[in-house]
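Biologist: I'd like to learn how to read ring features in a model. Can you walk me through it?

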Amino acid sequence: MIKLHNKTFVPYINSLEIKKAVKKVAQEISTDFQNRTDKQPPLFIAILNGSFMFTSDLMKELSFNLEISFVKFSSYEGTSSTGNINQLIGFNHDIKNRDIVIVEDIIDTGNTLEKVLPILNDLNVKSIKIATLLLKPTVFNKKYSINYVGLEIPNTFVVGYGLDYDELGRNLKEIYKLKDTVMLNIVLFGPPGAGKGTQAARLVDRYNLYHLSTGDVFRYNIKNETELGKLAKGYIDNGQLVPDEVTIKMLESEVEKHPEAEGFIFDGFPRTEVQADALESFLSKRNTSVKLMLALDVNEDELVNRLLLRGKDSGRADDANEEVIRNRIKVYNDQTAVVADYYNKQNKFIKIDGVGSIDDITQRLFDAIDTFKS
Ligand code: AMP
């Protein structure tokens, strides 16, 4: 067992198994490349940082002529309206008409490679093959195929042999996985202005949870003028719900970004029964579920006062206008309040008095969670 930052990891794939996986990839690549008579040898492109150990071991198993280059992929917000700019750093080969083999340590959703592939294609390469030591087939959801796979693993968070947890663990000889913990997934519920965001921050600190606020994710996307942001803006400005299909897809991808989380606080989600069903279904893929819904109870006049007050410095358009605020509360009563029944039927619903000092309300939430855990 080892500890990296605040998390504990247990041995998962030992050196022998890693060696076997490397040999398997090497053999398959050799079968495809060793008897070729092309003028130029294939060019291997290793994507840093994680792939450095795998690449090194893989190269020692390949005996035909080849070239190798190490690149880093970076994606940053451009200053123009073009949005994200993707680029490969450290890349100075002329790769026109070359056979390329991309070397990755791990492929999960496949998002990174989905951005790398067009960059290489634009450079008019002859062919592209992809080799990875590890693949998470249950989360990989892209159209391109992966040609050489060392080992398939489930959606667990792994470190070692080049892979890191927040930069630690890359130097480990073997691969470790996050020690199983029973995930504490909480839906923090209540009408707009109930104090969900404020209280979520305090629960995160105490229980080591990941706070996922759909409203925050939407606002981030609006600010950065992404496609999702453009789609959501009209609904949010009017105090209406963003369509389920869009919201669910967005939330699922946020959950997938955090395989190391020991639990989530869902803030602002689910807001409809369809969303509640979707949440159950993708948490079940991780062998877990919502454990508790904590519903902050606050009367309407108090909510409107709080939101108008918050609107003075939050900069949120939907907080500035009483009509929009009242509409959000109406939408909550008409469309969202039913979600409480959903969890009530499963005996997971706890109502918390949401009026009083912030500290007192926090204490009520702590007490409810501690009683559940004990
Ligand atoms: P919030 O910050 O939770 O008050 O959310 C602000 C706005 O984002 C809402 O009024 C909705 O327009 C949109 N939104 C947030 N979460 C959801 C959700 N689960 N379903 C649909 N729309 C949402």
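Biologist: Which residues form one aromatic cluster with F9?

Modeller: F9, F157 and Y165 form one aromatic cluster. Before going on: this is a predicted model, where local features need pLDDT of at least 70, side-chain atom pairs count only at pLDDT 80 or more, and totals for chains, interfaces and linings use all residues. Residues are numbered from 1 along each chain as its sequence is written, and side-chain values use heavy atoms, with hydrogens and water left out.

Biologist: What describes a pair of aromatic rings?

Modeller: The distance of the centres and the angle of the planes. Rings of Phe, Tyr and Trp (its six-membered ring) pair if their centres lie within 6.5 Å; planes under 30 degrees apart are stacked, over 60 edge-to-face, and the rest tilted. That rule gives 11 aromatic pairs here. One of them is F189 with Y332, tilted, at 5.6 Å centre to centre and 45 degrees between the planes.

Biologist: Are F189 and Y332 buried or exposed?

Modeller: Both F189 and Y332 are buried (under 20% relative accessible area; exposed is over 50%, partly exposed in between, with a 1.4 Å probe and protein chains only). Then there's Y342 with Y343, an edge-to-face pair at 5.1 Å and 65 degrees; Y342 and Y343 are buried too.
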